[in-house]
Amino acid sequence: MATVGKWFGFSEDEIYEQALSEFEQGHFDEAIDAFHACSDTSDPRLQRLARHYLVQCKAGQGLSLLRSGNATAASAAYCDALALAPNFPDLHLGLARAYRAQGDRIRALAEIESALAINALYVEAVLLKGIVLYEGGQTSEGWQEFEKALQLDPSLAGEDFDYARSRHREADHVRAIASIERLQSPGAAEAQLHGRVASNYLRHGKYQQACIVFERALEFA
């Protein structure tokens, strides 16, 4: 619930700008509070933007919680985000990662399938599907997904993939899956979050801020 009273006396634009600043700094709780405070505006443009960034804040919360080891809270944050934006494949993938961290492979696979239903060429989702299948004992099915990911993204080819293939052939499943894990892009979600903020700055003519945040997105990517 937003603490609307703390924003008394501020204009909607001021609250929105403060919300963006908090979001860009990764202060998601504060940003959510501010975006909620300006989401009831009569301005449809501002309302749409506030809702959009509420989704991104919830996604950022989920990612942060997942990285800190709180998978249960992470899954709740991703569920909140999906309630607002059910057609974002990266949100389904984030929720799948949270479920996997909780040991719930069934729900993880369901979320991966939801992501792939939206974007069948989502390489990260194909990779994660293979990982969840593989570590669940369905090694042949899992490996098929890894090969599919390689076809979609030839840049996955290299020492890690070759080593994983050799270990798979020797039924050394532990080392095979560990090598495949290294093919995932841990900074992709952070890069997307920062890229969206930078794009917003760019649209508003704030070129210096856009450059700074785009550089941060590139660091993550």
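In what order do the elements of the protein chain run from the N terminus on?

1. Please keep in mind that this is a predicted model. From the N terminus on, the elements run α-α-α-α-α-α-α-α-α-α-α-α, and the count for the protein chain is accordingly given as twelve helices and zero strands.

2. Of the 221 residues in the protein chain, 46% are buried. The accessible surface of the chain comes to about 11,500 Å², and carbon and sulfur atoms account for 52% of that area. Among contacts with a separation of 6 or more, 51% are between residues 24 or more positions apart.

3. The largest nonpolar core has 25 residues, and those with the most contacts inside it are Ile 112, Phe 146 and Ile 180. Two or more residues of this core come from each of helix H5 (89–101), helix H6 (105–118), helix H7 (123–135), helix H8 (139–152), helix H9 (159–169) and helix H10 (173–181), with H7 giving the most, namely eight residues.

4. Ile 180 deserves a look in the viewer: leaving aside residues up to four places away in sequence, Ile 180 touches Leu 127, Ile 131, Trp 143, Phe 146, Phe 161 and Ala 164. One of these partners, Phe 146, is itself listed with Ile 180 among the residues with the most contacts inside the largest core.

5. As general background, nonpolar side chains tend to be buried together in soluble globular proteins.

Methods:
Residues numbered from 1 in each chain as written. Predicted model: local features only at pLDDT ≥ 70, side-chain atom pairs only at ≥ 80, totals over all residues. Heavy atoms only, no water. Core = buried A, V, L, I, M, F, W, Y, C linked by side-chain atoms within 4.5 Å. Buried < 20%, exposed > 50% of the residue type's maximum accessible area, 1.4 Å probe, protein only. Helix = DSSP H or I, 4+ residues; strand = E, 2+ residues; numbered from the N terminus. Contact = heavy atoms within 4.5 Å. Areas by Shrake-Rupley, 256 points an atom, 1.4 Å probe, with all protein chains shown as cover.
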